[in-house]
Amino acid sequence: MSAPDFQAFQRDFARHIRDPHHTARPAGVPARRMAVYTELLFNNITGFLDACFPVCRKLIGETRWRRLNRSFYRDWRSQTPWFREIPHEFVRYLNTGIVRQPLPAWFTELAQYEWAELAVDTMDCPTPRHDPAGDLLQRPVVLNPARLVLACAWPVHRIGPDYRPRRPQATQLVVYRDGADRVRFVEINPVTRRLLELLAAAPTTGSEACRQIGSELRHPDPQQLAAFGSGILEDFRVRGLILGTRE
Amino acid sequence: MNARPASGAGLGFRRELIEPLKSGVPEAIRFFEVAPENWAGIGGKSARDLRHFSERYPFVCHGLSLSLGGPAPLDEALLQRIRSFMAEHGMTLYTEHLSWSGDDGHLYDLLPIPLTEKAVKWTVDRISRAQDTLGMRIGIENASYYVAPPGAEMSEGEFIGAIVREADCLLHLDVNNIHVNSRNFGFDALAFLDALPLERTAYVHVAGHHVEPDGLLIDTHGAAVIDPVWSLLEAAYQRIGPVPTCLERDFNIPDLQQLTAEVEIIARLQAATRQWKAA
């Protein structure tokens, strides 16, 4: 069965909104009126993108940034109905879409890093029951659920107008929302990342997680590693990345 | 949460207004309106702020992304999420625009539906399914538009009337949209109002708009409501009574005092209608 006739108009209208410079204006639609839509809709999208990606925008400059915004709106089919997830669609486009425009090698990771702040700020995850003063080594550790781990090939947290890296440098960051609802970033190393992974995977005490890491690393001195791990866990509790332990 | 139906005059709920509202909600504001697309499924401070107010005031749910006249499959997951969002906050009314907002992806704005028989049928079917999923009648809003899609088989009033009747849904009347369209397309706003299925009106919007240098009106919700739109609201109340009415303001947001003054005008017009009806 063919699509109803009115949908032919919708298809042409949408196509022209996505790409006003390379597609024909639908028949019977005055240029002045069409321009209202092409401008309103694109400005709406750039408003969301500008708000989320100030560093990306600044680093490639206004012309290239707008060209990239346009190719996103033209080529990518955003599936989310939620307006706050438009920046996530943009990151998906950079990650998996066909982007013909030359961009710095670190650009997509930088966009992901800027998006993570918004994502964690509004992440919907109820705070689990926990004992804030519990013994992190002896009791299962409760992590702050409002967090994301970013594993990047580039030092995204240092990129800015004064620093555009030439060589990759593996960088791992935890982005989380603290008790005062502020978004925080902490740089971590691969061992700490593994520690967080183990604590997140199943109810695990700090000691169990350290023992596991010790055996994975074939560490010669598990006691020293446990003392080291305990320091990290307490530090994370102070920062609000660890809430405490199970009650 | 217990259901709290909206009545009287209300205001669009925006982050910019949360702090001033926390130090006291003005008497005239009897309810708030939120877009689920901006507020459902979020956590953190925004979620706590919303709950703070939804525990104390009725909220109306006004959608943006359902694309009732759109070609993509109806987003049942969005409807389910809206249903639980409304239950969480005791909302009893959901309205959406009589428009479409995407092709095979979202375009994130409201576009005009061609006024054809097939479009009526298509849209009625989607509204009916939305009502089934939500378990309630929904309101559909007469939208603003700048292009009249070619090939119309009926007037807009007939289009809206047919859809409201066949879908057995409610009308969400936007008087600013009528004014904007009447100026941009040269028709009589009152005659248009009278052609609508007004007896189904559940909810009303009033807002300001922008005028381009060449005289074209743009429905920005970024300015104060102008007198002809207040007059149209008054005319609507004379026909339908003091239906719950929300002031929309989405850009150039002034301080709460200025917005409250506009909400007070709504409340005064509603009170005058009640007296007029009683007389």
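This is a predicted model: local features need pLDDT of at least 70, side-chain atom pairs count only at pLDDT 80 or more; totals for chains, interfaces and linings use all residues.
Student: What radius of gyration does chain A have, beside that of a compact globule of 247 residues?

Tutor: The C-alpha trace of chain A spans about 80 × 40 × 35 Å along its principal axes. For a compact globule of 247 residues, a radius of gyration near 18 Å would apply. For chain A the value is 24 Å.

Student: Which percentage of the residues of chain A counts as buried?

Tutor: Residues under 20% relative accessible area are classed as buried. Among contacts in chain A between residues at least 6 apart in sequence, 61% join residues at least 24 apart. Of the 247 residues of chain A, the share that counts as buried is 49%.

Student: What area do chain B and chain A bury between them?

Tutor: The size of an interface is often given as the accessible area lost when the parts come together. In this model, chain B gives 46 residues to the contact and chain A gives 38 residues. Carbon and sulfur atoms carry 60% of the buried area, which comes to about 3700 Å².

Student: Which element gives the largest share of the side of chain B that touches chain A?

Tutor: Across this interface, 20 residue pairs are in polar contact, both residues being at pLDDT 80 or more. The elements that give two or more residues to the side of chain B that touches chain A are α2 (36–39), α3 (44–54), α4 (76–88), β6 (106–111), α5 (117–134) and α7 (175–185) of chain B. The largest share, six residues, comes from β6(B).

Student: How many nonpolar residues does the side of chain B that touches chain A have?

Tutor: Sorted by class, this side of chain B has eleven polar and eleven charged residues. The number of nonpolar residues is 24.

Student: How many salt bridges are counted between chain B and chain A?

Tutor: Over all chains, the structure holds 33 salt bridges. A:R32 and B:E212 meet through their side chains in a salt bridge at 3.1 Å, N to O. The count between chain B and chain A is five.

Student: Are B:D103 and A:R18 buried or exposed?

Tutor: The side chains of B:D103 and A:R18 form a salt bridge at 2.6 Å, N to O. This pair crosses between chains, from the loop between β5 (100–102) and β6 of chain B, where B:D103 lies, to helix α1 (residues 6–18) of chain A, which holds A:R18. Both B:D103 and A:R18 are buried.

Student: Why does the pair of B:K22 and B:D49 tie together parts that are apart in sequence, and how many residues apart are they?

Tutor: The side chains of B:K22 and B:D49 meet in a salt bridge at 2.7 Å, N to O. B:K22 is partly exposed, at 35% relative accessible area, whereas B:D49 is buried, at 7%. Because B:K22 lies in helix α1 (residues 15–22) of chain B and B:D49 in helix α3 of chain B, the pair ties together parts whose separation in sequence is 27 residues.

Student: Which residues are linked with A:D50 in a network of salt bridges?

Tutor: Salt bridges link A:D50 into a network in chain A.

Technical notes. Residues are numbered from 1 along each chain as its sequence is written. Chains are lettered from A and ligands numbered from 1 in the order in which they are written. Side-chain values use heavy atoms; hydrogens and water are left out. Contact means heavy atoms within 4.5 Å. Buried area is the accessible area (1.4 Å probe) that two parts lose on being put together, summed over both. A salt bridge is a side-chain nitrogen of Lys or Arg within 4 Å of a carboxyl oxygen of Asp or Glu. A polar contact is a pair of N or O atoms within 3.5 Å; within protein, one must be able to donate a hydrogen and the other to accept it, and residues adjacent in sequence count only if both atoms are side-chain atoms. Helices (H or I, at least four residues) and strands (E, at least two) are DSSP runs, numbered from the N terminus. Ala, Val, Leu, Ile, Met, Phe, Trp, Tyr, Cys and Pro count as nonpolar, Asp, Glu, Lys and Arg as charged, and the others, Gly among them, as polar. Buried means under 20% relative accessible area, exposed over 50%, partly exposed in between (1.4 Å probe, protein chains only). The radius of gyration is taken over C-alpha atoms; the globule rule is 2.2 Å times the number of residues to the power 0.38.
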